Amino acid sequence: MLSFKKAVLATAAVAAIAGFSAPVLAQDSDEKTVAITYIVEHPALDAVREGIIESLAEKGYTEGDNLTVVARSAQGNMTTQTQIASEFAGLKPDVAVGISTPSAQALKNSMGDTPVIFAAVTDPVAAGLVENPEHPEANITGTSDKQPPKPALELIQSLVPGAKTIGVIYNPGEANSVVQVDEIKAAAGELGLEVVDSPAAQSTMVPDAARNLVGKADAILLPTDNSVISVLEAIVTVGERAKLPVFTTDTDSVERGAVAALGFNYAEMGKVTGDMVAEILAGKTPSEIAVVVPGNQDLFLNMKAAEAMGITVPDSVKNSAKKVIE
Amino acid sequence: MLSLSDIRLTFNPGTATEVRALRNVSMQINEGEFVTVIGSNGAGKSTLLSTVVGTVKPDEGSVKLDGLDVTDWPAAKRARYVGRVFQEPRLGTCSSLSIEENLALAAARGKKRGLGLALGKKDQKAMFAEHLEKLGLGLENRMGTPIGALSGGQRQAVSLLMATLLPMKILVLDEHTAALDPSAAHKVLTLSAEIAQERKLTTLMVTHSMRDALAYGSRTLMMNAGQIVLDIKGEERSRLKVSDLLERFGRAAGTEIDDDQLVLA
Amino acid sequence: MTLFALAGAFETGLLFALVALSIFMSFRVLDFPDLTVDGSFPLGAAVSAAAIVGGFDPFIATFFGMLAGAAAGFVTGLLNVRFGIMNLLAGILSMVALFSVNLRIMGRPNLPVYGQDTVFSRFESVVDAGLWSNTILLLIIAIGAKLIVDWFLKTEIGLGLRASGENPAMAEAQGIRNGAMTLLGMSIANALCALAGSLFAQMQGVADVTMGVGTIVTGLAALIIGEAILGRRTVFLATLGCVIGAVVYRLFIALALSAGFIGIRPQDLNLITAVVVAVAVVLSQRRGKRGRKQLFNFKLVRGAQQNDEGQD
């Protein structure tokens with residue numbers, strides 16, 4: 001015979017379960033859920049995320065109204081990233097978005113048939129996300145920020161006349177970065193430049209890696225590498241002291257002290273990615289959407305940094321810049 | 001000076017390894033008395049000492065020092081009133097610190113330690129030298145030597161000095177010659193008796209040697225199975241020989257002794 | 001090696017001397033293997049960076065960083081003393097928790113102080129020695145910290161701390177409260193480590209939440225190398241060993257990197273550190289009597305340590 005207390009508890013439990021499941025059961029088919037994850041908080045990745053949400057709003061999907069956005073940062077930790085991917089799998093969103101290579105890879109493993117869109121992935125083929133970027137064979141597609149290194153090297157040549165050796169700092173543990181460095185080396189060869197690479201396995205080793213290039217390189221070029229860019233100021237400090245100019249491949253770093261960069265506008269990339277998400281929400285499948293590399297490259301210039309690192313910027317270059325920081 | 005009342009202490013109660021270490025122990029030691037304590041292993045003598053010193057709290061009962069109820073006081077707090085010499089020479093001193101530094105630690109016992117230099121007090125070094133001289137070991141010339149370089153006997157002598165440096169209410173000697181060779185042990189024991197007598201110190205000495213238990217001090221307690229089974233002093237004690245004590249010991253160990261029945265043959 | 005790299009080695013060496021002093025306090029004096037340092041190093045950086053960006057004077061910001069470090073050490077000590085958590089685990093718990101704390105303090109994974117007033121820029125405006133300005137300031141700080149630690153361990157409290165770490169039973173018998181000593185010692189140790197982190201962030205221009213990874217290893221390497229060279233017969237020598245060991249360690253790394261022969265790359269550093277530390281430990285065990293070192297004496301005579309007890 002159930003005691004009164006137990007009966008009350010049992011009823012409360014059933015009510016709680018019903019209460020929690022009600023929203024799930026009552027989900028409107030018109031309301032869409034987009035789950036976004038990114039490996040770490042970083043200006044570029046954040047800009048992509050915001051671009052996606054903006055684009056969706058423009059296409060008629062408003063957060064809180066007919067759109068639920070779940071966003072999770074993996075705090076730079078791969079174990080957390082895997083956990084988030086599992087969480088998303090249980091969430092069963094309409095689309096899952098992975099901003100950065102590790103995030104996209106984690107989603108690929110966990111999401112099954114759910115459409116996955118990747119963003120800011122430098123080499124989706126090498127990362128195992130698609131085999132055919134023109135015509136994705138599975139439920140994954142997205143945008144890539146694969147930058148051709150030649151324009152960056154030519155920029156360096158124009159600002160550092162007589163430069164013969166380019167130093168590159170990167171994390172050898174990031175597959176993304178290794179690919180970029182190889183491409184930089186290939187392009188440099190074509191331009192008659194030498195490349196010295198200075199690996200840094202974690203952000204604490206970056207200042208050493210930078211110091212190591214003094215006297216060996218005429219300029220530093222940094223690929224988009226999370227652990228290196230997170231401590232960019234350390235490299236800039238070394239660059240100023242040794243009069244060794246620092247160039248990057250992401251434009252946000254220019255504001256932080258790099259001399260110049262040609263870069264993708266990550267907010268733009270976010271918009272393009274958002275457009276893809278909207279298409280999926282409207283009914284398309286990923287295999288119908290080719291991988292996109294946004295075309296434009298803007299020049300960002302930091303005059304103060306240039307002066308500090310001993311660079312004179314010709315007016316022609318200055319005038320062609322999209323943004324000049326004094 | 002020291003009063004233990006109805007002390008009960010059980011280790012691991014209610015488990016397979018339960019040990020009733022002290023069963024309703026009561027005793028009083030007057031000021032100036034030098035009491036020796038003997039008993040076989042497991043009799044409870046170390047536990048008894050631990051309750052006096054404060055490293056262990058009894059389940060029931062009280063410990064009073066010169067009228068102060070110190071039952072709940074942790075060992076560090078009680079240290080002000082208790083001078084203690086450990087069994088192991090290594091335990092009672094800090095090997096890497098010099099003789100002078102060890103003595104300085106003892107000199108600060110019970111006082112508030114501040115940011116003044118430990119070895120900086122004006123007449124402290126001279127005072128230490130004076131005390132060390134009395135030991136007759138030449139240590140006053142080696143005050144800067146790390147104490148780890150000294151022999152066991154020398155270390156115990158310094159430990160004794162440390163324990164008696166400041167005025168205290170009771171001196172506790174915890175089988176303090178057990179780890180020494182016979183000649184060093186004899187020296188240290190003689191020293192202990194001298195200092196105790198000279199300064200009229202209330203002393204509690206645990207020993208494993210029946211001979212020493214009778215030869216030193218003015219009163220002997222014998223423990224067995226967590227209880228005090230024999231308490232002898234005065235003339236009767238001075239007439240006892242080791243063989244007599246052994247016989248008494250055997251008797252006490254074989255039977256259950258009532259608290260009231262402290263039989264003196 | 002370029003002059004630039006040499007100056008860099010001295011700078012980082014003197015900075016990590018503070019970490020070595022911190023490890024000396026916790027590992028050696030207190031006998032408390034403290035892993036909090038991997039968290040208190042970036043904590044000092046985070047607090048100082050946030051303070052500087054928030055408009056505080058860099059010296060005050062650095063002081064705040066030290067206070068934060070002291071608090072972190074205190075918490076680790078509390079976990080151990082009050083809650084009975086094993087010392088190693090207590091340090092790990094603090095270190096892990098501090099990651100989140102540091103993120104909160106900075107509000108982001110990394111916080112630049114580049115371009116702001118730092119203790120280094122202030123010093124340089126007074127003493128401009130070009131490439132060596134930072135080294136000089138760090139030398140003053142490192143030696144200053146060393147002398148303060150030396151002095152402190154000679155005070156009554158400091159002596160009590162040493163006793164507590166070496167022989168807690170004896171310390172207790174001398175009226176020393178071991179718990180209080182642990183809390184005090186841990187606070188001091190982590191304040192030193194946080195100071196190092198604060199200076200590091202100001203020197204490199206940015207505080208990063210992952211910058212603490214491996215602090216314990218560097219600190220231990222510096223400490224052990226210092227002991228191999230100078231021994232630890234007296235406090236003065238032991239702390240001097242911390243400074244010299246840290247500088248030697250960083251010089252060695254800079255040398256290895258710039259030489260480039262045998263193809264040593266920065267990612268080999270962990271292996272090199274392990275080898276160096278192992279060699280230093282082995283060498284430090286080949287000691288003659290009374291701590292006089294006999295480096296490179298491969299005719300090992302077992303039982304050379306004939307003075308009883310005590311001497312390590």
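A:Gly192 comes after H6(A), and its phi is positive, near 80°.

**Conventions.** I note that this is a predicted model, in which local features need pLDDT of at least 70 and side-chain atom pairs count only at pLDDT 80 or more, while totals for chains, interfaces and linings use all residues. Residues are numbered from 1 along each chain as its sequence is written, chains are lettered from A and ligands numbered from 1 in the order in which they are written, and side-chain values use heavy atoms, with hydrogens and water left out.

**Helix H6 of chain A.** I took helices (H or I, at least four residues) and strands (E, at least two) as DSSP runs, numbered from the N terminus. H6(A) spans residues 175-191, 17 residues in total, and reaches 25 Å from its first C-alpha to its last, close to the 24 Å expected at 1.5 Å a residue. That expected span is 1.5 Å times one less than the number of residues.

I then checked burial (buried is under 20% relative accessible area, exposed over 50%, partly exposed in between, with a 1.4 Å probe and protein chains only). The buried residues of H6(A) are A:Asn176, A:Ser177, A:Gln180, A:Val181, A:Ile184, A:Ala187 and A:Ala188. They lie on the same side of H6(A) because they cover an arc of only 130° around the axis, taken from the directions from the helix axis to the C-beta atoms. A:Ala175 and A:Glu190 are exposed, on the face turned away from the buried side. For packing I used contacts (heavy atoms within 4.5 Å). The partners of the buried residues in chain A include helix H4 (101-110), helix H5 (149-159) and strand S6 (165-170).

**Chains and cores.** Two pairs of chains touch, and chains B and C have the most contacts. Chains A and B share no contact; their closest C-alpha atoms lie 34 Å apart.

I looked for nonpolar cores (buried Ala, Val, Leu, Ile, Met, Phe, Trp, Tyr and Cys residues joined through side-chain atoms within 4.5 Å). The largest has 101 residues, of which B:Leu132, B:Val158, C:Leu15 and C:Phe41 touch the most other members. Helix H1 (residues 3-29) of chain C gives this core its largest share, 12 residues. A second, separate core of 66 residues includes A:Ala188 and C:Ala280.

**Sheet in chain B.** I found an open sheet of four strands in the order S2-S1-S4-S5, with antiparallel pairing; pairing requires at least two DSSP bridges between two strands. S2 (19-29) and S5 (68-69) are the edge strands.
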